[in-house]
Amino acid sequence: MPLTPESIEIRRPNKSLAGNVVAIQWSDGSQTTHSSFNLRMRCPCAKCRETHNPDPNVIRGPKGVPPMVEVKTFDWVGNYAVNFIFSDSHNAGIYTYKFLHELDEKANAI
Ligand SMILES: [Zn+2]
C-alpha cells in the first residue's frame, strides 16, 4: 500500500513569526508538518522549477515569495496529490503524496 494522507489540516502555530503550517496525518500513523513557506519555496510546478536558484548555498525556490506566505486552502487531486492555494495567489503546484513525504524526510535530515 502506498502511503496516503488520512487528513490534512491547516494550522496556525501559537508562537510563530512566519505563516501557517500544514499538518498531514499519514496512513501509516505518522504525522508530518510543513511550513507554508517551505511548501511554497519547493513548489513543483514548471514555472517555479524554472526560477529555482541553482546555488546550493541558498534556499532553492522561486523568487519573490513573501516570507509570511500562507496556505489558504487546498484541493485533493485525484488520489495521488494535493493542490495548495497560497496567499500570494499561486495555485499551480501539484504536490504528490510521495513528494510531500520526501519533503519531510529532507527537512528532518538537516
Ligand atoms: Zn509554482
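The model is a predicted one, in which local features need pLDDT of at least 70 and side-chain atom pairs count only at pLDDT 80 or more, while totals for chains, interfaces and linings use all residues. Residue numbers start from 1 along each chain as its sequence is written.

**Overall layout**

- The protein chain has three helices and six strands, where helices (H or I, at least four residues) and strands (E, at least two) are DSSP runs numbered from the N terminus.
- Read from the N terminus on, the elements follow the order β-β-β-α-α-β-β-β-α.
- Among the contacts of the protein chain with a separation of 6 or more, 36% are accounted for by residues 24 or more positions apart; two residues are in contact if their C-beta atoms, placed from the backbone, lie within 7 Å.

**The sheet β1-β2-β3**

- Three strands form an open sheet in the order β1-β2-β3 with antiparallel pairing, and two strands count as paired if DSSP finds at least two bridges between them.
- β1 (5-11) and β3 (31-35) stand at the edges of this sheet and have a single partner strand each, so one side of each is left without a neighbour in the sheet.
- Neighbouring strands of this sheet are turned by 20° against each other on average, direction ignored; axes are lines fitted to C-alpha atoms, for helices over the stretch in contact, and angles run from 0 to 180 degrees between N-to-C directions.
- β2 and β3 run antiparallel and are joined by five bridges; A23 has T33 in β3 as its bridge partner, and V22 stands opposite H34 in β3.
- The hairpin of β2 and β3 has four residues between the strands, and in this hairpin G29 takes a positive phi near 95°.

**The sheet β4-β5-β6**

- A further open sheet of three strands has the order β4-β5-β6, also with antiparallel pairing; its edge strands are β4 and β6, each of which pairs on one side only, and the twist averages 30° from one strand to the next.
- Strand β4 (residues 71-77) pairs with β5 in the antiparallel sense over six bridges; T73 stands opposite I85 in β5, and V77 has A81 in β5 as its bridge partner.
- In the hairpin of β4 and β5, with three residues between the strands, G78 takes a positive phi near 55°.
- β5 is joined to strand β6 (residues 94-96) by three bridges, with the two running antiparallel, and V82 stands opposite Y95 in β6.
- In a regular strand the side chains alternate between the two faces of the sheet. Strand β5 (residues 81-86) has a covered face made of V82, F84 and F86, and an uncovered one made of A81, N83 and I85.

**The nonpolar core**

- The largest nonpolar core has twelve residues in all, namely V21, V22, I24, F37, L39, V69, V71, V82, F84, F86, Y95 and L100; β2 (21-26), α1 (36-41) and β5 each supply at least two residues of this core.
- A nonpolar core is here a set of buried Ala, Val, Leu, Ile, Met, Phe, Trp, Tyr and Cys residues joined through C-beta atoms within 7 Å.
- V71, which lies in strand β4, counts as buried because it has 23 C-beta neighbours inside 10 Å.
- Not counting residues up to four places away in sequence, V71 touches I10, N20, V22, S36, L39, F84 and F86; V71 and V22 are 49 residues apart along the chain, and their C-alpha atoms are separated by 7.7 Å.
- F84, leaving aside its neighbours within four places in sequence, is in contact with L39, V71, F74, G93 and Y95.

- Y97 has its place in helix α3 (residues 97-109), and Y97 is partly exposed because 19 other C-beta atoms lie within 10 Å.
- Leaving aside its neighbours within four places in sequence, Y97 is in contact with L3, T4, P5, Y80 and A81.
- Y97 and P2, although 95 residues apart in sequence, are 9.0 Å apart in space from C-alpha to C-alpha.

Note on methods
Buried ≥ 20, exposed ≤ 12 C-beta atoms within 10 Å, placed from the backbone.
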